[in-house]
Amino acid sequence: MDQRHLAALIERPEVQRRVLNGYRGPFSMGITLNPWNRRELAISVQIADSDPSHLPSEVELEGETIPVVVEGDFKTPRPLF
């Protein structure tokens, strides 16, 4: 799967729900390189929860297994004004 197609997929609410696995707090989602195989893409997720263990380590999208890289302690940006 190429970067543009994966980027379009993670914009879909049903894909975000699958990746977030019931998580309801602030989050940021994007695309990164898989840290275990730098030739593959992965979904990068940052969440406000300090324990991200309830999120999946991978999801299947359109028949491909995509790794999910999760970081906790995400801080929601505050407006400048």
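The model is predicted, so local features are taken at pLDDT of at least 70 and side-chain atom pairs at pLDDT 80 or more, while totals for chains, interfaces and linings use all residues. Residues are numbered from 1 along each chain as its sequence is written, and side-chain values use heavy atoms, with hydrogens and water left out.

Let's begin with the overall layout. The chain has two helices and four strands, and from the N terminus on they follow the order α-α-β-β-β-β. Its radius of gyration is 13 Å, close to the 12 Å that the globule rule gives for 81 residues, so the chain is as compact as a globular protein of that length. Here the radius is taken over C-alpha atoms, and the rule is 2.2 Å times the number of residues to the power 0.38. Helices (H or I, at least four residues) and strands (E, at least two) are DSSP runs, numbered from the N terminus. Along the principal axes, the C-alpha atoms fill a box of roughly 40 × 30 × 25 Å.

Next come contacts and surface. Contact means heavy atoms within 4.5 Å. Among the contacts with a separation of 6 or more, 53% are between residues 24 or more positions apart. The accessible surface comes to about 5,700 Å², and carbon and sulfur atoms hold 47% of that; such areas come from the Shrake-Rupley method with a 1.4 Å probe, and for residues only the protein chains shown count as cover. Buried residues make up 27% of the 81 residues, where buried means under 20% relative accessible area, exposed over 50%, and partly exposed in between (1.4 Å probe, protein chains only).

Now for the inside. In soluble globular proteins, nonpolar side chains tend to be buried together. The largest nonpolar core of this chain has 16 residues, and Val19, Met29, Ile43, Val45, Val59 and Leu61 touch the most other members. Two or more residues come from each of α1 (3-9), α2 (13-20), β2 (37-47), β3 (58-61) and β4 (64-71). A nonpolar core is a set of buried Ala, Val, Leu, Ile, Met, Phe, Trp, Tyr and Cys residues joined through side-chain atoms within 4.5 Å.

Leaving aside neighbours within four places in sequence, Leu61 is in contact with Met1, Leu6, Leu9, Val15, Arg18, Ile43 and Ile66. Its partner Leu9 lies in helix α1 and counts as buried because its relative accessibility is 2%.

Asn34 counts as buried because its relative accessibility is 5%, and beyond four places in sequence Asn34 is in contact with Glu40, Leu41, Ala42 and Pro67.

Finally, look at the backbone. Most residues other than glycine have a negative phi, and most peptide bonds are trans. Glu62, in the loop between β3 and β4, has a positive phi near 50°, and counts as exposed because its relative accessibility is 52%. Asp73, in the segment after β4, has a positive phi of about 65° and counts as partly exposed because its relative accessibility is 47%.
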